[in-house]
Amino acid sequence: MIRVGQGFDVHRFAEPEAGRPLMLMGLRVPHDRGLAGHSDADVMVHALMDALLGAAGLGDIGQHFPDTDPAYRGADSVGLLAAVMADLRAGGWRVVNADVALIGERPKLAPHREAMRDRIAPVLGLAPQDLNVKATTTERLGFTGRGEGLAAQAVVLIERG
Ligand SMILES: [Zn+2]
């Protein structure tokens, strides 16, 4: 049995004075500002978690990790992703592949792409080549084009025997 799921997430940039690190796919990416959010605001990992939960029919990250819960303040999103994977494995699911896209003008993802795959693929139980990481811009249009925030989309395929 196979199932597909998609995820989408958006976070606004915090003011540079806030000193928030920019976390993307579990890595601290050098940038002049980080994303605002209750957790570490790792927008790519959040889209990936929503795709996984969607594929398994387990709802969304808002249900699993409510942003009103102080337990998730500043939470490491890779830890939350590992918790999602534990739920999937408990249901007998394994990930076949995943494709994650960052949407924004800056920062550029290319220098970090390989490290991001190496960081997140093991959490998903995947070889790095089965986790695709990519980026696109919106041609300077809209909130991502104006640099107000970043968006991410993810698609995953899962299977069980
Ligand atoms: Zn998020």
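The model is predicted, with local features requiring a pLDDT of at least 70 and side-chain atom pairs a pLDDT of 80 or more, while totals for chains, interfaces and linings use all residues. Residues are numbered from 1 along each chain as its sequence is written, and side-chain values use heavy atoms, without hydrogens and water.

We begin with the metal. The zinc ion is coordinated by D9 through OD, H11 through NE2 and H46 through ND1, at 2.0 to 2.1 Å. Donors here are N, O and S atoms within 2.8 Å of the metal (3.2 Å for Na, K and Ca); water is not among the atoms, so sites may look incomplete. Along the chain, the donors of the zinc ion follow the spacing D-x1-H-x34-H. D9 belongs to strand β1 (residues 2-12) and H46 to helix α1 (residues 43-55), so this pair ties together parts that are 37 residues apart in sequence. Helices (H or I, at least four residues) and strands (E, at least two) are DSSP runs, numbered from the N terminus. D9 and H46 are both buried. Buried means under 20% relative accessible area, exposed means over 50%, and partly exposed lies in between (1.4 Å probe, protein chains only).

The largest nonpolar core has 46 residues, of which L24, M44, L48, L52, L124 and L131 touch the most other members. At least two residues of this core come from each of α1, α3 (77-90), β4 (94-103), α4 (113-124), β5 (131-136) and β6 (149-159). With 10 residues, α1 gives the most to this core. Beyond its neighbours within four places in sequence, L124 is in contact (heavy atoms within 4.5 Å) with L48, L52, L81, M85, R89, V95, A98 and L131.

How are the helices arranged? The axes of α1 and α3 are 10 Å apart, and these helices pack at an angle of about 10 degrees. Axes are lines fitted to C-alpha atoms, for helices over the stretch in contact, and angles run from 0 to 180 degrees between N-to-C directions. The helix α1 is therefore roughly parallel to α3. Angles under 35 degrees count as roughly parallel, over 145 as roughly antiparallel, 65 to 115 as roughly perpendicular and the rest as oblique. Among the residues making the contact are V45, H46 and L48 of α1 and S77, V78 and L81 of α3. The axes of α3 and α4 come within 9 Å and cross at roughly 30 degrees, and α3 and α4 are therefore roughly parallel to each other. Here V78, L81, A82, M85 and R89 in α3 meet R119, I120, V123 and L124 in α4.

Some backbone positions also deserve attention. R106 and P107 are joined by a cis peptide bond, with omega about 0 degrees, and P107 lies in the loop between β4 and α4. M25, in the loop between β2 (23-24) and β3 (27-28), has a phi near 50 degrees, a positive value in a residue other than glycine. M25 counts as buried, at 0% relative accessibility. R140 has a phi near 65 degrees, also a positive value in a residue other than glycine, and counts as exposed at 66% relative accessibility.

Technical notes
A nonpolar core is a set of buried Ala, Val, Leu, Ile, Met, Phe, Trp, Tyr and Cys residues joined through side-chain atoms within 4.5 Å.
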